[in-house]
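Trainee: I should like to learn how to read the features of a protein model. May we go through them one at a time?

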Amino acid sequence: MATLSGKFLALSGGVGGAKLVRGLAECLPPSQLQVVVNTADDFDYWGLRICPDLDSNLYALADLNDEQRGWGLRDESWVTLEAMRRLDDGQWFQLGDRDLATHLYRTQALAAGQSLTDVTRQLGERLGCPAALLPMTEQRVATRVFTDMGELAFQEYFVRERCEPRVEKVVFDGLDTAQLNPAIISALADPALRGIIICPSNPFLSVDPILSLPGCREALMQVNVPVVAISPIVSGAAVKGPAAKMMHELDIPRRAAAVAEYYCDLLDGFIIDSADAQQCDDIAQTGVACRAVPSMMTTLDSKRRLAEETLSLIEELV
Ligand code: FO1
């Protein structure tokens, strides 16, 4: 792919988003890629601040992630978890020994008064992350999922209950008073910005918290660069996670085109999988340029190729 000029800002959740972000980092030098990451999944466990989506992006970019499990570090050991289970067998969230170092470092630095943005930058420098990761906000936001089992904190729904309860509503506590990370406002105001990418993350759980931050949607709409999203739905199913199940529960049709419609006020371009190519006409009718390409990111090569398609659609739309 020809060398691209300008900077790109990606909006990402956890595992699915991190795969595309890894592909983007293969195509762009570190100075040209910044990633806004959802922090509404963050919570405290064992007294430590856990930021799952920041860490999924950090580990994927640093090539330290476990592809099979989808989250956490490769070559992980679980001695501490086993010892904790001997003390209390109610452990439902798995923290690996090496992963624990990240949470310890972050928790200590936050307690010492550092910002999450600074701590994330330090972790990125230490672990060899080839792009800037920007937490969506410095304030704490907590996803609460209202289900047929009652109200659940996000990780209770996602990990402890394995996304099985039927979702009725999702609420982001703290969002109204949270502020968009000033580093994101600067990135959006940068004249070198060339495109914005909404990664194939869960629209309701991962992208919504970012877009719903006060002023975020408006700021994205005001910037005069193409906004391109990639569908997390392929052939009516989510590549990973509960997105398709939630669409069904929230009465949204389980198709890629429904995701385009969900983001429509923001989008200039939308990428869907080749398997859904017949939906391109529907999407194009809403004024959004649609491209159908192989979008399954199972290898580094496929991540790079999807990133190249995304960047080339942006180039076309500039
Ligand atoms: N996901 C699981 O399904 N089970 C776990 O025990 C688990 C532990 C975990 C620890 C650290 C971390 O950074 C992520 C972890 N995840 C785990 C993934 C995480 O819950 C989700 O992928 C995200 O919150 C959704 O984006």
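Mentor: Let us begin with two terms. Buried means under 20% relative accessible area, exposed means over 50%, and partly exposed lies in between, with a 1.4 Å probe and protein chains only. Helices (H or I, at least four residues) and strands (E, at least two) are DSSP runs, numbered from the N terminus. This is a predicted model, in which local features need pLDDT of at least 70 and side-chain atom pairs count only at pLDDT 80 or more, whereas totals for chains, interfaces and linings use all residues. Residues are numbered from 1 along each chain as its sequence is written, and side-chain values use heavy atoms, with hydrogens and water left out.

Trainee: To which strands is strand 6 joined by bridges?

Mentor: Two strands pair if DSSP finds at least two bridges between them. Strand 6 runs antiparallel to strand 8, with six bridges; there, Thr147 has Val167 as its bridge partner. Strand 6 also runs antiparallel to strand 7 (residues 150-153), with four bridges, and Phe146 is partnered by Glu151. A hairpin of two residues links strand 6 to strand 7.

Trainee: How is the length of helix 1 checked?

Mentor: The expected span of a helix is 1.5 Å times one less than its number of residues. Helix 1 (residues 15-27) has 13 residues and should therefore span 18 Å; its end C-alpha atoms are 19 Å apart, which agrees. Its buried residues include Gly17, Leu20 and Leu24. Among the elements covering the buried residues of helix 1 are strand 1 (7-12), helix 2 (52-61) and helix 13 (300-317), where contact means heavy atoms within 4.5 Å.

Trainee: Which residues have the most contacts inside the largest nonpolar core?

Mentor: In soluble globular proteins, nonpolar side chains tend to be buried together. A nonpolar core is a set of buried Ala, Val, Leu, Ile, Met, Phe, Trp, Tyr and Cys residues joined through side-chain atoms within 4.5 Å. The largest one here has 53 residues, and Ile196, Ile198, Leu267 and Phe270 have the most contacts inside it. Apart from that core lies another, of 37 residues, including Leu20 and Tyr59.

Trainee: Where is Arg162 placed?

Mentor: Arg162 is in the loop between helix 6 (154-160) and strand 8 (167-173). Its phi is near 50 degrees, a positive value in a residue other than glycine. Arg162 counts as exposed because its relative accessibility is 60%.
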